Amino acid sequence: MDIIISNGSSKPIYEQIAEQIKSAIANGTLSEGEPLPSIRALASDLRISVITTKRAYAELEEAGFIDTVQGKGSFVAGGNLELLREERLRQIEGLLRKAVTEARAAGIFDAELRDTLDVLLDEE
């Protein structure tokens, strides 16, 4: 599993780590029950603080993406695909909400906005 940290990103490092692990789970690179690198090993590989890596793992565990067994390590939890789908759906809803707000500010009516979305969907 390759994790790439961008110092130029506006996102905190722990968030970048968590997002990349979620992506690896979603695309099947990491499967249920698969072990993750230890917190110390990942911190060493990325040349970051152990505290930062621990925070990323804690967030992933709290969200249900990984399970941690003391003395054994962290593993990909089961049922992740549905969690990922729900999380992505929330993100998409936020983007759509922002698009609606921008459209209203620009004086674009609902019908025109729906037509635009239909065109975009048809392009796919």
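The structure is a predicted model, in which local features require pLDDT of at least 70 and side-chain atom pairs count only at pLDDT 80 or more, whereas totals for chains, interfaces and linings use all residues. Residues are numbered from 1 along each chain as its sequence is written, and side-chain values use heavy atoms, with hydrogens and water left out.

The axes of α1 and α3 cross at roughly 45 degrees and come within 8 Å of each other. Axes here are lines fitted to C-alpha atoms, for helices over the stretch in contact, with angles from 0 to 180 degrees between N-to-C directions; helices are DSSP runs of H or I with at least four residues, strands runs of E with at least two, numbered from the N terminus. The crossing of α1 with α3 is right-handed, that is, the near helix is turned clockwise from the far one by less than a right angle, anticlockwise being left-handed. On the α1 side, the residues that meet α3 are Ile-13, Tyr-14, Ile-17, Ala-18, Ile-21 and Lys-22. Their counterparts in α3 are Thr-52, Arg-55, Ala-56, Tyr-57, Glu-59 and Leu-60, contact being defined as heavy atoms within 4.5 Å.

Helices α2 and α3 also pack with axes that come within 8 Å, here crossing at roughly 120 degrees. This angle makes α2 oblique to α3, and the crossing is right-handed. From α2, the contact involves Ile-39, Arg-40, Leu-42 and Ala-43; from α3, it involves Val-50, Thr-53, Lys-54 and Tyr-57.

Helix α2 spans residues 39-46, of which Leu-42, Ala-43 and Leu-46 are buried. Buried denotes a relative accessible area under 20%, exposed over 50% and partly exposed in between (1.4 Å probe, protein chains only). Arg-47 follows α2 and lies in the loop between α2 and α3. Its phi is positive, near 60 degrees, in a residue other than glycine. With a relative accessible area of 78%, Arg-47 is exposed.

The largest nonpolar core contains 20 residues, and Ile-17, Ile-21, Ile-25, Leu-30 and Leu-36 touch the most other members. Such a core is a set of buried Ala, Val, Leu, Ile, Met, Phe, Trp, Tyr and Cys residues joined through side-chain atoms within 4.5 Å. Each of α1, α2 and α3 supplies at least two residues of this core, and the largest share, six residues, comes from α1.

Individual contacts, described here without residues up to four places away in sequence, show how these elements are connected. Ile-17 touches Leu-42, Leu-46 and Ala-56, among others, and its partners also include Ile-3, Ile-5 and Ile-48. Ile-21, located in helix α1, is buried at a relative accessible area of 0%. The contacts of Ile-21 are Met-1, Ile-3, Leu-30, Leu-36, Tyr-57 and Leu-60. Between Ile-21 and Gly-33, twelve residues apart in sequence, the C-alpha to C-alpha distance is 14 Å.

In helix α3, Thr-53 is likewise buried, at 0% relative accessibility. Thr-53 touches Ile-39, Leu-42, Ala-43 and Ile-48. Tyr-57, also placed in α3, is buried with a relative accessible area of 2%. The residues touched by Tyr-57 are Ile-21, Leu-36, Pro-37, Ser-38, Ile-39, Leu-42, Ile-66 and Ser-74.

Glu-86 belongs to helix α4 (residues 80-105) and is partly exposed, with a relative accessible area of 34%. Its C-alpha atom is separated by 20 Å from that of Tyr-57, 29 residues apart along the chain. The corresponding C-alpha separation between Glu-86 and Lys-54, 32 residues apart along the chain, is 24 Å.

Key: Parallel < 35°, antiparallel > 145°, perpendicular 65-115°, else oblique.
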